[in-house]
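Here are my notes for your review. Please read them alongside the coordinates.

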Amino acid sequence: MKKVLLFLICLHSSMYAQSLFLQKDQYSIRLPEGEISFKVDTSCIAIKFKEEISNKEIGSFLKSTNMFLSFDTSYTLPFPKIVIANFDNNKSKTFWQRKINDIQKNEIVDYAAPVLIYNNNHRQVLYNLFYVKLKDSKDINKLKIIAESQKFIVGEEYENNIFFCRVNKHTKGNTFEISKYLQQLNLFEFAEPDFIYNCKLASNDMYFS
């Protein structure tokens, strides 16, 4: 079983040698309620900082990256230490992806993720969680083997045969990319990324005061 799964993983993983978000302009993913599509906002990046990092440290870090930070109580995310860093103007996808990779190397950052734009122009940020529903309870072993290969964490059972999983800066993709990858393996009932907030990006404050 493990050898077969590893073969499937190797067969599909070549598709993800480069970020999925560098490949085209419009993206879609299959969810239980239907397929959704969106674009990526390359003018900004969502960043989750470690809980012990102060606002002053966040501000200094963001200023050093030459990004603009939207910081206004009406535009902040409802989770601790998650901020939207805005570039001064839209960047190429290659530049945008490189900045995400660079930011995640910093020790004060838990992860960096894309901001997605849906057809209704609402923006949502990818969180570091996604959900996987097993076809059978025994499939948990398949999920754990794949998790080991793709470097994500399988968490507790959320509901019957539904497990929440977590990515981090070492995972081979963000929650959208890993969910899409698992869907294409066709080994599970569904895999679904978690989104945390509809957000508007408006302010250009450089750093926290």
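This is a predicted model: local features need pLDDT of at least 70, side-chain atom pairs count only at pLDDT 80 or more; totals for chains, interfaces and linings use all residues.

The points below go through strands, a helix, loops, cores and aromatic pairs in turn.

1. **Strand β5.** Five of the five residues of β5 (residues 82–86) are buried. Side chains in a regular strand alternate between the two faces of the sheet. Both faces of β5 are covered. Ile-82, Ile-84 and Asn-86 are buried on one side, Val-83 and Ala-85 on the other. The strand runs antiparallel to β3 (residues 44–49), and five bridges join the two. Within this pairing, Ile-47 has Val-83 as its bridge partner.

2. **Strand β8 and its partners.** β8 (residues 123–133) is largely enclosed by the rest of the structure, because nine of its eleven residues are buried. β8 pairs with β7 (residues 115–118) in the antiparallel sense, over three bridges. Leu-116 has Gln-124 of β8 as its bridge partner. Four residues separate the strands in this hairpin, and Asn-121 takes a positive phi near 70° there. β8 also pairs with β10, again antiparallel, over five bridges. Here Leu-129 stands opposite Arg-166 of β10.

3. **Helix α5.** How many of the eleven residues of α5 are buried? Ten are, so the helix is largely enclosed by the rest of the structure. After the helix comes Asn-186, with a positive phi near 60°.

4. **Thr-171.** This residue is found in the loop between β10 (162–166) and α5 (175–185). Thr-171 is buried, because its relative accessible area is 9% and the cut-off is 20%. Its side chain has two backbone partners worth checking. A polar side-chain atom of Thr-171 lies 2.7 Å from the backbone oxygen of Lys-151. A polar side-chain atom of Thr-171 also lies 2.9 Å from the backbone nitrogen of Asn-168. Leaving aside residues up to four places away in sequence, Thr-171 touches Gln-150, Lys-151, Phe-152 and Ile-178.

5. **Positive phi in loops.** Most residues other than glycine have a negative phi. Lys-151 has a positive phi near 65°. It sits in the loop between α4 (140–150) and β9 (153–159). Asn-161 has a positive phi of about 65° and is not a glycine either. Asn-161 lies in the loop between β9 and β10. Are these two residues buried or exposed? Lys-151 is partly exposed, with a relative accessible area of 45%. Asn-161 is buried, at 15%.

6. **Nonpolar cores.** The largest nonpolar core has 40 residues. Ile-45, Ile-47, Phe-49 and Leu-62 touch the most other members. A second, separate core has 18 residues, including Leu-134, Ile-140, Leu-143 and Val-167.

7. **Cysteines.** The disulfide count is zero. Cys-44 is buried at 0% relative accessibility. Cys-165 is buried too, with a relative accessible area of 0%.

8. **Aromatic pairs.** The count of aromatic pairs is six. One of them is Phe-38 with Phe-176, edge-to-face, at 5.1 Å centre to centre and 85° between the planes. Why does this pair tie together parts that are apart in sequence? Phe-38 lies in β2 (residues 34–40) and Phe-176 in α5, so the parts joined are 138 residues apart. Phe-38 is buried at 0% relative accessibility, and Phe-176 is buried at 1%. Another pair is Phe-130 with Phe-152, also edge-to-face, at 5.2 Å and 75°. Phe-130 belongs to β8 and Phe-152 to the loop between α4 and β9, so this pair ties together parts 22 residues apart in sequence. Phe-130 is buried at 0%, and Phe-152 is buried at 6%.

9. **Aromatic cluster.** Which residues form one aromatic cluster? Phe-38, Tyr-118 and Phe-176 do.

Technical notes
Residues are numbered from 1 along each chain as its sequence is written. Side-chain values use heavy atoms; hydrogens and water are left out. Buried means under 20% relative accessible area, exposed over 50%, partly exposed in between (1.4 Å probe, protein chains only). A polar contact is a pair of N or O atoms within 3.5 Å; within protein, one must be able to donate a hydrogen and the other to accept it, and residues adjacent in sequence count only if both atoms are side-chain atoms. Contact means heavy atoms within 4.5 Å. Two strands pair if DSSP finds at least two bridges between them. A nonpolar core is a set of buried Ala, Val, Leu, Ile, Met, Phe, Trp, Tyr and Cys residues joined through side-chain atoms within 4.5 Å. A disulfide is a pair of cysteine sulfur atoms within 2.5 Å. Rings of Phe, Tyr and Trp (its six-membered ring) pair if their centres lie within 6.5 Å; planes under 30 degrees apart count as stacked, over 60 as edge-to-face and the rest as tilted.
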